[in-house]
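Student: I have just opened this structure and would like to go through it with you. Could we begin with a pair of side chains inside a helix?
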Amino acid sequence: MYRRENRSPPKRTETEPAQKASPPPEVAEVIALQHSAGNRAVARSLGQANSLARQPAPAPTETPADLDVRYHLAISHGDWAEAANLLDIYPPEEMEQLAAEVTDTDQLVQFQFMANLGGRYRVGEAIAAVLSRPPHAEHIRIQRLEHDWNTARSTEDWYELAKLTCTFSDADIEKHLAMLHLPELQELVTETKGPHAAELLRLTEPAERNRARKHLEMCRFAIDNSQWLYAVTLLNGLSDSDQETWVAGLTDPQVTAIAPLVYTMFPDQDRLYSRVNFRQHKTDLASAHPAVAGGMTIGSASPGAAVAGGTVTTSANDTDSSGTSGWFGQDYSGPDATNMGWLQFLAREAEKFDADGNSLGFDTSMVTHAAGQAEPRHWGTASEPYWTVDTLGASLPFYDSPDTGSSRGASASSATQQAMYDRPDPNQSVVADAFDTWFWQTDVAKVVMRYHFVDYLVHGREVVYKSSMDVVWSFTSATAATTPARTNTPGPAGPAAKLTAPHYAALRRRFPDWRYFGHE
Amino acid sequence: MSEVAEVRGRVTYESQGQPDAEVLALDAAGGVVASATTGPDGSFVLRPPEGIEPAQLFARCRGPIAGVVTDSVNSGAAGEVELRMDAHGKAWPLEIRLTNEERLEHDPFVRLLPLAVGDIAPETMRLVLATVGEAAQSALESRAMSGGAIDRQVQAGRWWFRVDLAEAWEARPIDAGESTTWISDGAWDEQGTPLQALRGGYEVEVNGPTRVRVHLSPVKQASD
């Protein structure tokens, strides 16, 4: 704003022309023309009638004090045209000093404009000199920058916008990023990761931080306002940790609304698909592994493998409390065991041999059931196994999940242990069928029945470990009085992150709603 | 890649394509040299190994009509073979129904095997159980009953069937008892005449619409 300062009156000689008290009629005409036709029209007019640029000299009776009064009055009234006329009377060395009394940059700019418009070019130059010094120079630079920034934003010139943003102070960067919408922030983040990354380094962190903040704000908005399609899109764009938190925090009605969209928009390998599906089973999982004591005497066990902060061991010949041996076991002991679970898959084969030990092929004709399991299952071959999920579970796929009653696969479950035990029976009907040849077929001397088990340890929705076990019987007669002894042989085991495609297909076939496990 | 002589054709019954038929190409000695499964329209393409000339084709038909069909490779016009099931015999409905009054936990499975069809030689009929790859089958097909019965269209001829419900513990509860398998202990024709038992199943002659009844009994599965 205008600020009055003490200064000496303007120096003039007696021979200098006196100054007049009010603008001449021509100036008034110019101002009127400016108001009605605009600055350009006025400028054109001025260009044609240069005589207007010079005003008559002030009245001879006016004193320097009078001039001061008139000048400051014009300034205080914002009458920049008049102020320019009056300032032009002062000697050049005083012009800048007087002009500098106007401290508001915007007013100075207006002052300069009107001076030039009125042909008071000396005044205009004096004001320009003031504007070129602090603090006006910085103010003008920032104004120009703001203008350019807004232009880049409105024209969607993202590189230019990013570049200009980098020229702001830290505080102004934050202020400007806060003004941007989510798609604009995403464009800026993209720029910081593109070919100009080094140049835009200063923007990298704040742009991503503001994008993430805005993303979360919009996510909250979409969910709270039932904008499900938008919510799904935004959830999909969240970081892993944020997505985990947000999907876990959805209410039941929200996840019910979102799930069909997610299942339509994304493949079942997708992380959002997995999380939403996992969230849908939250209630089921809460009671998936009730505490139960195993009661097994563990036989030979593999060395423990470190898994998820605990240890997994595989045992091949455990004995139950009734003294029956031949069980095999998979045991996780460690923290968070209640959120661990075992998924067991099984492929069965019955290979026939003649008296010389030559293979006669695999009996694949029969379709049989596992006791307590509704799904009928085929018999496979070594090269074409037929995989099934092996659980009594009626609605949950874990080995220890209950059937429609309370029967469940043998297990031990507590806060520090999640173990499963199995002792399958050979299928005598298949053995009998394999031995029962037609008269033109080669006699079968031996049938080897093999059960290939693959057991996955899952932690929440993550697959963390994979183990295997082969159970084999060798029959030499279909009508033997006793079943031959089984051989339990542990197979490959180690860390895993995904179910194989055949195992996942078997899971989907029987439990089509359980799709959150990572898989090939 | 070596050049192979393709054999193209269709398996049909009264001009209708038969899907899910397994077509075997046989060399002069009767060995299986190639196999293919028919598509929805009954068409197939066989690709024998280089230098092998198939002489005979034999199809194991598990589609709408159950049965077999055989012909020479050179029988087709314009390089395409049509294996006509109706050339060996007309198809008739075969119904196999349980007489059990108790409700079984699962649907039993029925295995069907044609023993004699039309003019097909007995030696050729044995191809219905020929080993292809690793799979050595003991029947033409295995199908689940529905509602205690199965209805199939089968070629006229002599058929073997076996009904059972075989189960054993795979996943096992700690207190599991013995599992139960159901096997047939008798089968009868429409007039109540017992059918001839054979290889754990029964023989039935199909020369028109045929209905048979079968009864299953539980057998406890022993464990080791």
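Tutor: D172(A) and K175(A) are three residues apart in helix 10 (residues 170-179) of chain A, so about one helical turn separates them. Helices here are DSSP runs of H or I with at least four residues, strands are runs of E with at least two, and both are numbered from the N terminus. This is a predicted model, in which local features need pLDDT of at least 70 and side-chain atom pairs count only at pLDDT 80 or more, while totals for chains, interfaces and linings use all residues. Residues are numbered from 1 along each chain as its sequence is written, chains are lettered from A and ligands numbered from 1 in the order in which they are written, and side-chain values use heavy atoms, with hydrogens and water left out.

Student: What do the side chains of D172(A) and K175(A) meet in?
Tutor: They meet in a salt bridge, with 3.9 Å from N to O. A salt bridge is a side-chain nitrogen of Lys or Arg within 4 Å of a carboxyl oxygen of Asp or Glu. Side chains of opposite charge can pair when their charged atoms come close.

Student: Which residue forms a salt bridge with D390(A)?
Tutor: R377(A) does, and the closest N and O atoms are 3.9 Å apart. This pair links distant parts of the chain, 13 residues apart: D390(A) is in the loop between strand 8 and strand 9 (411-413) of chain A, and R377(A) is in strand 7 (residues 377-378) of chain A. Both D390(A) and R377(A) are buried.

Student: Where does the pair of R199(B) and D436(A) cross?
Tutor: R199(B) and D436(A) form a salt bridge, again with the closest N and O atoms 3.9 Å apart. The pair crosses between chains, from the loop between strand 16 (197-198) and strand 17 (201-206) of chain B to the loop between helix 18 (428-435) and strand 11 (446-459) of chain A. R199(B) is buried at 10% relative accessibility, whereas D436(A) is partly exposed at 25%.

Student: Changing topic, in what order do the five strands of the open sheet in chain A come?
Tutor: The order is 1-2-3-10-9, with antiparallel pairing. Two strands pair if DSSP finds at least two bridges between them. Strand 1 (305-307) and strand 9 of chain A stand at the edges with a single partner strand each, so one side of each has no neighbour in the sheet. Strand 9 is joined to strand 10 (residues 417-422) of chain A by three bridges.

Student: Where is confidence lowest in chain A?
Tutor: It is lowest in helix 2 (residues 39-48) of chain A, at a mean of 46. pLDDT is the predictor's confidence in each residue, from 0 to 100. The mean for chain A is 88, and 88% of its residues reach 70 or more. Over residues 1-28 of chain A, pLDDT stays under 50. Where pLDDT is low, the predicted coordinates should not be read in detail.

Note on methods:
Contact means heavy atoms within 4.5 Å. Buried means under 20% relative accessible area, exposed over 50%, partly exposed in between (1.4 Å probe, protein chains only).
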